[in-house]
Amino acid sequence: MKGLCRCFLLLIVFTSSLYAQDSHYWTQQFGTRSALLGGAVLGGAEDNTMIYYNPGALGFLDESSISINANAYRVENIKVENALGNEEDFQSGQLGSVPLLAGGMIRTGSEKWKVGYAFIAPVDFKFKGVARVEGDFDLVDDSESVGLEETVAEASLDNKTSELIVAVGIGHKINDNWSVGLSNLFTVRSLSYQRSLSTYIFLNQGESPLIGANLLQNADYYNVRYAAKLGVVYQKDNWDVGLTLTTPSLNLFGQGSVASNIAVRNLKLIDDNRISGVATARQAELKSKFKSPFSAALGANYSFGRSHLGVAAQYFAGIDIYDVMEPAAGSFVRPIDLAPQLQSDEFLQLQGAAESVFNIALGYEYKVSESLSILGGIRTDKSYYNEELNESAGIKPTISNWDIYHFSGGVTLNRRNSSLSLGLLLSAGSNDSYEQSGSFDPDNPDLVAGSTTITKATYSSFGLLLGYTFYFKKFNLNENPGGNN
């Protein structure tokens, strides 16, 4: 039989085949005006999105309480060409809303000290794809099955990854030109991942007419981590300049589970005798860990006439490979004598890593009148996916390793105590050298178990942004001479 004698062991290797998303830092931008400007607001903005972008600007806010609600309504499409070979693609389309930010300011009774809070959703990724191949292929030697064998192969992938940041920021206005601040960022991350592959070959004659192989992987976890963002802003005349430093994350707590199941039927593994077997393991209540890197950002904003121009750049450091969860060694293959050397920890491991990346954003605003502004922005969003993860076995729930370019544009309608923002969000990215495992190719017998190919992956997104900002009462210490609320 052509290559099928190694199908079982290849299926075990195949457990490290497709890699999943959440490999970008700048996919989402937050707030209303800040989001339309592409995040190019490090020099400051007149709302509490500065809790996220630059807490150093909080000291310059002159509102006693600001309430912001911004939502993005998106249609996202991801396509991985030839995911299962034979021009069968993985395609995933998602329609939904993302609550980008909700927050406000807390009155302190001081014009120099400002405190704010925000709930931010930086990651909300969903992918669900299915690819199926049916046909007649010459896969088995004619001594066992004369002619073409009817074959059915199907692969599916389901990934849901989300993060919620609870941020509390404090800013201090040193003088009319300088302000510093600190934001405490508590991030809750959750992941649910499932992947399957099944292949069935029907022989044309013989006592064992069905050859089959199945793979199923699962991973679920949540994690809570902390990071601090330090910020400073300098404002003079028409220039606003900001700098931020964000610490590497500190792991707080979390747990999860991992599972891997492989089953084969009537395969020639060692000699000419067909055998069946399974490799299966599951471990739950494992401690989880997720890391975010050190980062540094610098930006400037310049106002001239009716125009406002902003630029921002941010560097994210790399992260070496680490274990998100650490499963223990244990039995994996059954019957054990099929491959006693294989242990479950190698195939249940879930690892993370990050390459260093550098992103840049440009934003422009034109003030048509006191009540109407037109805004636009563009930004890069480089993938931090570390390709060294491709070389290890285990479960890898990362799909996207392409760079993305984001475009935004819209209007802001200003009222005395509020503003309403409406905008369009466009994003696109691709990778012509996407490494895809698990393809079915009848010209290469080993591909029954899944082989690695280089293909093309594309990403596109179209969205609407709806944001509302309400400005409460301005600070007025004359109303409270003692400085108390």
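This is a predicted model: local features need pLDDT of at least 70, side-chain atom pairs count only at pLDDT 80 or more; totals for chains, interfaces and linings use all residues.
**Salt bridges, a charged patch and strand pairing**

At 37% relative accessibility, Arg-132 counts as partly exposed.

Arg-132 forms a salt bridge with Glu-134, and the closest N and O atoms of the two are 2.6 Å apart. Glu-134 has a relative accessibility of 54%, so this residue counts as exposed.

How many salt bridges does the structure hold? There are nine. Let me turn to two others.

One of them joins the side chains of Arg-33 and Glu-365, at 2.9 Å from N to O. Arg-33 belongs to helix H2, residues 33–36, while Glu-365 belongs to strand S15, residues 357–367; the pair thus links distant parts of the chain, 332 residues apart. Are these two residues buried or exposed? Both Arg-33 and Glu-365 are buried.

The other is formed by Lys-382 and Asp-403, whose closest N and O atoms are 3.8 Å apart. Because Lys-382 sits in the loop between S16 and S17 and Asp-403 in strand S17, this pair ties together parts that are 21 residues apart in sequence. Lys-382 is partly exposed, at 25% relative accessibility, and Asp-403 is likewise partly exposed, at 29%.

The loop between strand S16 (372–381) and strand S17 (403–414) also contains Glu-388. With a relative accessible area of 48%, Glu-388 is partly exposed, since exposed residues must have over 50%. Glu-388 gathers with Asp-320, Glu-355, Glu-387 and Glu-391 in a patch of negative charge on the surface.

I turn now to strand pairing, with S6 as the point of reference. Strand S5, residues 178–202, and strand S6, residues 210–236, run antiparallel and are joined by 25 bridges. Within this pairing, Gly-181 stands opposite Gly-231 in S6.

S6 also pairs with strand S8, residues 250–268, in the antiparallel sense over 15 bridges. Here Leu-215 has Ile-262 of S8 opposite.

Finally, S6 is joined to strand S7, residues 239–246, by eight bridges, again with the strands antiparallel. Which residue in S7 is the bridge partner of Tyr-234? The partner is Val-241. The hairpin of S6 and S7 has two residues between the strands, and in this hairpin Asp-237 takes a positive phi near 55°.

Technical notes: Residues are numbered from 1 along each chain as its sequence is written. Side-chain values use heavy atoms; hydrogens and water are left out. Patches are made of residues with over 30% relative accessible area and no salt bridge: like charges are joined within 9 Å, nonpolar side chains (Val, Leu, Ile, Met, Phe, Trp, Tyr) within 5 Å. Accessible areas come from the Shrake-Rupley method with a 1.4 Å probe; for residues, only the protein chains shown count as cover. A salt bridge is a side-chain nitrogen of Lys or Arg within 4 Å of a carboxyl oxygen of Asp or Glu. Lys and Arg count as positive and Asp and Glu as negative; His and the chain ends are not counted. The place of a charge is taken as NZ of Lys, CZ of Arg, CG of Asp or CD of Glu. Helices (H or I, at least four residues) and strands (E, at least two) are DSSP runs, numbered from the N terminus. Buried means under 20% relative accessible area, exposed over 50%, partly exposed in between (1.4 Å probe, protein chains only). Two strands pair if DSSP finds at least two bridges between them.
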